[in-house]
Amino acid sequence: MTSAPLLDARPVLVVDFGAQYAQLIARRVREADCYSEIVPHTMPAEQMLARDPAAIILSGGPASVYAEGAPALETAVVTAGVPVLGICYGFQAMAQALGGTVERTGRREYGQSDATVAGPPSTLFADQPDQQVVWMSHGDAVTAAPQGCAVTARTSGAPVAAFEDDERRLYGVQWHPEVLHSTYGQQVLRNFLTRGAGITPSWTSGNVADQLVEQVREQIGSDRVICGLSGGVDSSVAAALVQRAVGDQLTCVFVDHGLLREGEAEQVETDFVAATGVDLVVVDARQRFLDALAGVTDPEAKRKVIGREFIRVFEQAARDVVRAHQGGAGDTDAPEGEHPVRWLVQGTLYPDVVESGGGTGAANIKSHHNVGGLPEDLQFSLVEPLRTLFKDEVRQVGLELGVPEGIVWRQPFPGPGLGIRIIGEVTADRLAILRRADAIAREELTAAGLDREIWQCPVVLLADVRSVGVQGDGRTYGHPVVLRPVSSEDAMTADWTRLPYDVLARISSRVTNEVEEINRVTLDVTSKPPGTIEWE
């Protein structure tokens, strides 16, 4: 059982037609101070409208609207009187549903295009120039706008690049306003939300903290609850929020699974406890995790093993928590078959849910250990107060709750830890090698003042790969490591960070000199997509 998502009274629903950027649209809506949620295109119109949305945005998608099996748009979505904005595929599906014409013109547009704003006074393009750069990705085009819709923009490959109907509050653009390459894209979205839909922007991640606290308090009631604390920003903010809601009903469990970075266990036991005064239980499960991961090399299998072992450790910790609060050893008062602690807090974020294929009908890119990696026989109900938030929003909530800045701004670190940064089997020796290399990279990035400039910098050990090298005038046959510095706003998309050459040189020199088993340092220059931030 999972926690209910944070519900705004009237959300902006982003209908996902299989787009790369559905999550980015939702994020841009929130940047315009309007609460958004993503729903799959398979959700019946009746259910969408039952949410009483303030507006609906139809995302892009890879299909052609007239292709067999293409995602369908129920006409009721665009005729119910709810303000609607169609983007790319959503624009074409909307045009088709309203009686417009969509055709393959033979003039595809991918990447940067120039749009000309034309026609009558425009809601979408108010206070914008007549010429603007937009980001296109389409092979079909709307060649005739639906009746009653005024054509308000065109490009060389799209005779109807935008249309508007203020009376019915229906709007659409062929391009992607959510990406930064569309120079006035955010203003187009904001104009739709405020001028077209008439929404008063009032939602921010800061002022939602109190709402989250109340939601958690109502969900948990007087029950005891435990939190899996990793020391990262997500679990730390989740713990601080739940503690604000239920006080000493919360016990945090820190599992030292042996997959942590150098010094991380000590940091969790001092920094977070000192800042919050939370009740913390530390479980040494290093050997347990190593035993469970022995011989496992498949990335998905690793994540699921780690997720399973986390839960098994929490289940035992929950029994210990109950015994402690009952004043000693002995059986708990829990009925037969029922777990003594009902609730488990996790720092699950929206990108975790989306990448694990949850909630939107999206593909399972990789199972996050706290979403797709949970065992089927889970004996807890989950409290996931951050489940609808992006990373930057979580940081703002953390600051609002008084979580120390050193924790709030800590670079993201995956729940499965170094276990998914070793390509191959996870062993104690390999963990020790990677831990030393990772510490060197982090030290040099901090010394160069780059901690806030990059999103994170995974160091990946290619454990099953060897390369010939020369160290101390002798031949070596050591492991390569990969530096993966990335820049991102929310982890949904990312680009590799152009680190200064002198910083890269220092990292490479120190790693190959100080970590005997490594004789080669490489740099990953892949964006996301097509790559993901972590290698596994």
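Tutor: Let's start with a term we'll need all the way through: a residue is buried when its relative accessible area is under 20%, exposed when it is over 50%, and partly exposed in between (1.4 Å probe, protein chains only). What we have here is a predicted model, where local features need pLDDT of at least 70, side-chain atom pairs count only at pLDDT 80 or more, and totals for chains, interfaces and linings use all residues. Residues are numbered from 1 along each chain as its sequence is written, and side-chain values use heavy atoms, with hydrogens and water left out.

Student: Okay, let me try salt bridges. How many does the structure hold?

Tutor: The idea is a side-chain nitrogen of Lys or Arg within 4 Å of a carboxyl oxygen of Asp or Glu. This structure holds 29 of them. Take Arg387 and Glu384: their closest N and O atoms are 2.7 Å apart, and both residues are buried.

Student: Which residues are linked in a network of salt bridges?

Tutor: Glu443, Glu444, Asp502, Arg506, Arg510 and Glu514. Within that set, the side chains of Glu514 and Arg510 meet at 2.8 Å, N to O. Those two both lie in helix α15 (residues 501-514), 4 residues apart, about one turn of the helix. Glu514 is partly exposed at 45% relative accessibility, and so is Arg510 at 21%.

Student: Now sheets. In what order do the strands of the open sheet run?

Tutor: Strands of a sheet pair through backbone hydrogen bonds, either parallel or antiparallel. Here, two strands pair if DSSP finds at least two bridges between them. The open sheet has 5 strands in the order β12-β11-β10-β13-β14, with parallel pairing. Its edge strands, β12 (280-284) and β14 (381-383), each pair on one side only. From one strand to the next the twist averages 30 degrees; axes are lines fitted to C-alpha atoms, for helices over the stretch in contact, and angles run from 0 to 180 degrees between N-to-C directions. Inside the sheet, β10 (residues 225-228) and β11 (residues 250-256) share 4 bridges, with Gly228 opposite Val253.

Student: What about β17: how many of its residues are buried?

Tutor: 7 of the 10 residues in β17 (residues 474-483) are buried, so the strand is largely enclosed by the rest of the structure. β17 pairs with β15 (residues 459-461) in the antiparallel sense over 3 bridges, and with β20 (residues 518-523) in the parallel sense over 5 bridges.

Student: Where does UniProt place the feature "active site"?

Tutor: The unreviewed UniProt entry puts it at Cys88, His176 and Glu178. They are spread over 91 residues of sequence, yet they cluster in space, with a largest C-alpha distance of 11.0 Å. A caveat: UniProt positions are given in the numbering used here, feature names are shortened, and annotations may be inferred rather than shown by experiment.

Student: Is Cys88 buried or exposed?

Tutor: Buried, at 4% relative accessibility. Contact means heavy atoms within 4.5 Å. Setting aside residues up to four places away in sequence, Cys88 touches several residues, among them His176 and Trp175. Glu178 is buried too, with a relative accessible area of 1%, and the contacts of Glu178 beyond four places in sequence include Tyr21, Arg28 and Ile87.

Student: And which residues carry the "binding site" feature?

Tutor: UniProt's unreviewed entry lists Ser230, Gly231, Gly232, Val233, Asp234, Ser235 and Ser236. Gly232 lies in the loop between β10 and α7. Ser235 is in helix α7 (residues 233-246) and is buried, at 5% relative accessible area. Asp234, also in α7, is buried at 17%.
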